[in-house]
Amino acid sequence: MNGVISNELGTVIIDNEVVAKCAAMAALDCFGIVGMATISVRDGLAKLVKGDSITKGINVKIDDENKIDIEFHIIVAYGVGIKTVVSNLIKTVRYQIEEFTGLKVKNINVYVEGVRVID
């Protein structure tokens with residue numbers, strides 16, 4: 001389902017992909033996040049997503065009450081505090097999405113799928 005905002009001027013429909021793209025850009029601005037990850041069905045290994053497919057590591061669901069659930073699959077930088085990075089990610093994404101869309105974020109779940117050394 002998509003997000004819907006209605007007022008006296010009309011109706012705005014916000015696609016899940018738009019929310020996912022905004023969430024991805026906000027997440028990539030957070031310190032310690034290397035990128036989004038996808039899990040290979042063939043071998044079960046996490047793969048770093050690059051370029052225009054950054055939304056593949058993010059699942060967005062908008063319920064009937066226009067509340068957003070976001071699920072991130074991320075790869076973090078080696079040597080950072082995962083708890084701190086994830087906490088910062090959740091706060092940043094929640095703020096950015098709510099400001100950008102006007103919709104409320106209900107849940108943000110983060111799955112750390114891997115660790116990478118940054119050169």
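Visitor: What is the average pLDDT of the protein?

Guide: This is a predicted model, in which local features need pLDDT of at least 70 and side-chain atom pairs count only at pLDDT 80 or more, while totals for chains, interfaces and linings use all residues. Residues are numbered from 1 along each chain as its sequence is written, and side-chain values use heavy atoms, with hydrogens and water left out. On pLDDT, the predictor's confidence in each residue from 0 to 100, 97% of the residues score at least 70, and the protein averages 90.

Visitor: In which element is confidence highest?

Guide: Elements here are DSSP runs numbered from the N terminus, with helices (H or I) of at least four residues and strands (E) of at least two. Confidence is lowest in strand E4 (residues 46-48), where the mean is 78. Confidence is highest, at 96, in helix H2 (residues 82-101).

Visitor: In what sense do strand E1 and strand E2 pair?

Guide: Two strands pair if DSSP finds at least two bridges between them, and five bridges are found between E1 (residues 3-7) and E2 (residues 10-14). Gly 3 stands opposite Ile 14 in E2, and Ser 6 has Thr 11 in E2 as its bridge partner. A hairpin through two residues joins E1 to E2, and the sense of their pairing is antiparallel.

Visitor: Is His 73 buried or exposed?

Guide: His 73 belongs to strand E6 (residues 67-77). Leaving aside neighbours within four places in sequence, His 73 is in contact (heavy atoms within 4.5 Å) with Gly 35, Met 36, Ala 37, Gly 57, Asn 59, Tyr 111 and Glu 113. Buried means under 20% relative accessible area, exposed over 50%, and partly exposed in between, with a 1.4 Å probe and protein chains only. Because its relative accessibility is 16%, His 73 counts as buried.

Visitor: Which residues are in contact with Lys 56, leaving aside its neighbours within four places in sequence?

Guide: Lys 56 sits in the loop between E4 and strand E5 (58-62), and its relative accessibility of 61% is why Lys 56 counts as exposed. Between Lys 56 and Ile 74, which are 18 residues apart in sequence, the distance is 11 Å from C-alpha to C-alpha. Once neighbours within four places in sequence are left aside, the contacts of Lys 56 are Thr 38 and Val 49.

Visitor: What is the value of phi near which Asn 66 lies?

Guide: Asn 66 is found in the loop between E5 and E6, and because its relative accessible area is 18%, Asn 66 is buried. Its phi is positive in a residue other than glycine, and the value is near 65 degrees.

Visitor: What distance separates the C-alpha atoms of Asp 43 and Leu 89?

Guide: Asp 43 lies in the loop between strand E3 (33-39) and E4, and counts as partly exposed because its relative accessibility is 45%. Along the chain, Asp 43 and Leu 89 are 46 residues apart, and their C-alpha atoms are separated by 28 Å.

Visitor: What is the area of the nonpolar surface patch that includes Val 115?

Guide: Val 115 lies in strand E7 (residues 104-116), and counts as partly exposed because its relative accessibility is 47%. Patches are made of residues with over 30% relative accessible area and no salt bridge, where like charges are joined within 9 Å and nonpolar side chains (Val, Leu, Ile, Met, Phe, Trp, Tyr) within 5 Å; accessible areas come from the Shrake-Rupley method with a 1.4 Å probe, and for residues only the protein chains shown count as cover. Together, Tyr 78, Ile 82, Val 112, Val 115 and Val 117 make a nonpolar surface patch of about 490 Å².

Notes. A salt bridge is a side-chain nitrogen of Lys or Arg within 4 Å of a carboxyl oxygen of Asp or Glu.
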